[in-house]
Amino acid sequence: MTSRYRASISSEGVSSLSPRRRTVVKAAAATAVLAGPLTAALPARAATGTPAFLHGVASGDPLPDGILLWTRVTPVPEAIPGSGLGPDTEVGWVVARDKAFTSIVAKGSTTATAAADHTVKADIRGLQPATDYFFRFSAGGTDSPVARTRTAPATDAGVAGLRFGVVSCANWEAGYFSPYRHLAARGDLDAWLHLGDYIYEYKSGEYAARGKVVRPHAPANEILTLADYRTRHGRYKTDPDLQALHHKAPVVAIWDDHEFADNAWSGGAGNHTEGAEGTWTARQAAAKQAYFEWMPVRPAIEGTTYRRLRFGKLADLSLLDLRSFRSQQASTGTGSVDDPERTLTGRVQLDWLKAGLKASDTTWRLVGNSVMISPFAIGELSADLFKPLAKLLGLPQEGIAFNTDQWDGYTDDRRELLAHLRTNAIRNTVFLTGDIHMAWANDVPIDAGTYPLSASAGTEFVVTSVTSDNLDDIVKVPEGTVSAVAAPIIRAANRHVHWVDTDRHGYGVLDITADRAQMDYYVLSDRTDPNATSAWVRSYRTRSGTQKVERTYDPV
C-alpha cells in the first residue's frame with residue numbers, strides 16, 4: 001500500500017439490544033459436545049496431528065516502533081478452544097518489510113500452552129514508524145497465513161492524513177460479517193477500531209436476526225465459564241471476513257457489555273443471575289481473561305481496556321473502559337442519574353481522560369467511547385414505535401426519555417468532562433461510539449435544553465451494528481420504514497442531532513486531516529447474505545476549531 005503518511009521525523013530501527021431476563025440457562029461443558037464435530041471439520045493436517053492455524057492471525061495497538069501480534073495454534077485435533085487440552089507447542093514468528101519475507105526485520109518464538117488456550121502474543125519493538133510490515137507464525141513445520149500490519153507515525157511526525165475503519169456490535173447468529181470483508185477490501189486503512197460487542201454472550205436462539213438464527217454459534221449455552229468464553233471467541237475467529245480484516249490492518253479494540261453480559265456494570269449485569277449463574281466476580285474474571293487471550297490488545301491499567309495511542313501530531317486516541325468501574329444503572333425516574341456518587345468511568349479513569357485531553361498537543365483528540373455521550377430525549381412517537389425504540393435503547397418502556405446505560409444515566413460524569421473541555425478551551429474532541437445499532441452524527445452540547453444557543457463541547461460519530469438488530473428489525477417491517485418516521489421526531493427533540501438512521505447495518509470509515517475529521521457511513525444490502533454488498537449512504541464532518549458537525553456530500 002502506498003504510504004499516506006508524510007512524516008517530518010522518522011526514527012531508525014530494524015526489529016443494546018437487551019433481551020430481558022429469561023429462564024436461567026445452566027452452563028453445559030462445551031468440550032464434550034463440540035469435540036466430535038469440530039475435529040471432523042479440521043483440515044487434514046490438523047486431523048493427523050500437525051499443528052494448524054485455524055483462527056487466523058491478527059495485530060493490534062500500533063506504536064511508532066512496534067505492534068502487537070496474535071495467533072492461536074491448534075496443536076492436535078482435540079485441542080479445541082476452551083478444552084484445556086493439547087501439548088505445549090513452540091510457535092515462531094517473523095516480521096518482514098515485504099510479503100515474500102526476503103527482508104526480515106524481526107523474528108522470535110514463544111510457547112503456546114493450554115493455560116492460555118494455545119493463544120500467543122508477540123509485542124514487537126524496534127520497528128520503523130508509519131511503515132507497512134508483513135508477519136506470520138509457524139509451528140511444527142506449518143506456517144500461518146501471512147498478514148499485513150502498520151506502525152503508527154513517529155510521535156512528533158507531521159501527518160497528512162489518517163484513515164480508520166470503525167465498527168461495533170457483531171452478533172454471530174444474526175448474520176454474516178460482510179462489513180469486515182468490505183473494510184478488508186479497501187486496502188487503505190491505517191487501522192480499524194472496534195468499539196465494543198465484538199462477541200455476544202447469549203445462548204443459541206435467544207438473540208438472532210428478527211428472531212431467526214442465521215448461523216448457530218458455539219457453545220449453544222449462554223457463556224458463563226472461562227471455557228465458554230474461550231469457545232465463543234474461538235467460533236468468532238473462524239469467520240472468514242473477520243479473519244480477512246485482521247489480516248489486512250491492525251485493530252484497536254475496546255470492550256462493551258456483551259463481551260461480559262448484557263448491561264454489565266462493576267458489580268453485575270442485567271443478563272446475570274447471581275448464584276444460579278455463578279458469581280459475577282468469577283464470570284467477569286473469566287470474560288476478561290478470555291478477551292485478553294483472544295484479542296491483540298495490550299492489558300492496560302488494572303487489566304482494563306482504557307489506554308491511549310498517538311498518531312504523530314495529527315491525532316491521539318483515548319480508549320475508554322465503560323464497564324469495569326461503572327455504578328449500577330439507575331432506576332429511571334428516580335433522579336439518581338444526577339447523583340455525584342454514581343460514576344460511569346470511575347474516578348481514576350475520568351481524571352486520566354481529562355488530564356490526557358488537556359495535555360494533548362495533537363490537532364485532533366479522538367475518544368473511543370462504547371456508549372453514546374450525546375444527550376438523547378424521545379419526542380412524540382406513536383406507541384407501536386416507542387416500545388421497540390425504548391427496548392433497543394435500553395429505556396424503560398413506560399416512557400422515561402433517557403437511557404441509563406449510556407452517559408445519560410451518569411450525568412455528573414458527563415457534566416464534569418464537558419465542563420473540563422470548555423473551561424480549558426480543548427478543541428477538536430471527537431467521540432467515536434457504537435453500542436446502539438444506529439448511525440448518528442451529533443454535536444455534544446454543554447446544555448442540550450438550550451441548544452443551539454449553548455456551546456458545543458465536541459462532536460460524536462456513532463456507527464451502527466455489523467449485524468445486531470436495528471429498530472426496523474424489532475418492529476419487523478421493511479428497512480427504512482421506521483427511520484422515515486422516527487428520525488425527524490428524534491431530531492426535532494434533539495437539536496444537536498444532525499442525522500440518525502435507525503434501520504440499517506454497516507460500518508464507518510473515519511478520515512482525518514488537519515482541516516477536518518470526516519465519517520463516511522456505509523450500509524449493507526442484507527446481513528443474512530454472506531455475499532452482501534455495501535454502499536455509501538452519508539458523510540458528516542467536523543471542521544477544525546468548530547466543535548460542530550456538518551453534512552458533506554462525497555465520501556473520501
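Which residue in strand 19 is the bridge partner of asparagine 442? It's glutamate 460, and strand 19 is where I'd like to start.

Quick housekeeping, though. What you have on screen is a predicted model, where local features need pLDDT of at least 70, side-chain atom pairs count only at pLDDT 80 or more, and totals for chains, interfaces and linings use all residues. Residues are numbered from 1 along each chain as its sequence is written, and side-chain values use heavy atoms, with hydrogens and water left out.

Okay, strand 19. Strands here are DSSP runs of E, at least two residues, numbered from the N terminus, and two of them pair if DSSP finds at least two bridges between them. Strand 18, residues 439-445, runs antiparallel to strand 19, with 6 bridges joining them. Strand 17 pairs with strand 19 too, in the parallel sense, over 4 bridges; there, threonine 433 has valine 462 as its bridge partner. And strand 19 is mostly covered, with 7 of its 7 residues buried, buried being under 20% relative accessible area with a 1.4 Å probe, protein chains only.

Volume is the space filled by probe spheres set on the points, which are joined across faces, edges and corners. The second largest cavity holds about 30 Å³, and strands 17, 19 and 23 each give two or more residues to its lining. Among the lining residues are Trp364, Gly458 and Arg543.

The largest cavity comes in at about 50 Å³. Its lining includes Trp499, Asp501, Tyr507 and Tyr522, and strand 22 gives the largest share, 3 residues.

Keep an eye on those two tyrosines, because they also turn up as a ring pair: the centres of tyrosine 507 and tyrosine 522 are 5.1 Å apart and the planes are at 5 degrees, so they count as stacked. The cut-offs for Phe, Tyr and Trp (its six-membered ring) are centres within 6.5 Å, with planes under 30 degrees apart stacked, over 60 edge-to-face and the rest tilted. Tyrosine 507 is in strand 21 and tyrosine 522 in strand 22, so the pair ties together parts 15 residues apart in sequence. Tyrosine 507 is buried at 4% relative accessible area, and tyrosine 522 is buried at 11%.

Across the whole structure, the search finds 22 aromatic pairs. One of them, tryptophan 255 with phenylalanine 260, is edge-to-face, 5.0 Å centre to centre and 85 degrees between the planes.

Notes:
1 Å grid on protein atoms, 1.4 Å probe; cavity = no way out; pocket = protein on both sides within 12 Å on 5 of 7 lines; lining within 4 Å. Buried < 20%, exposed > 50% of the residue type's maximum accessible area, 1.4 Å probe, protein only.
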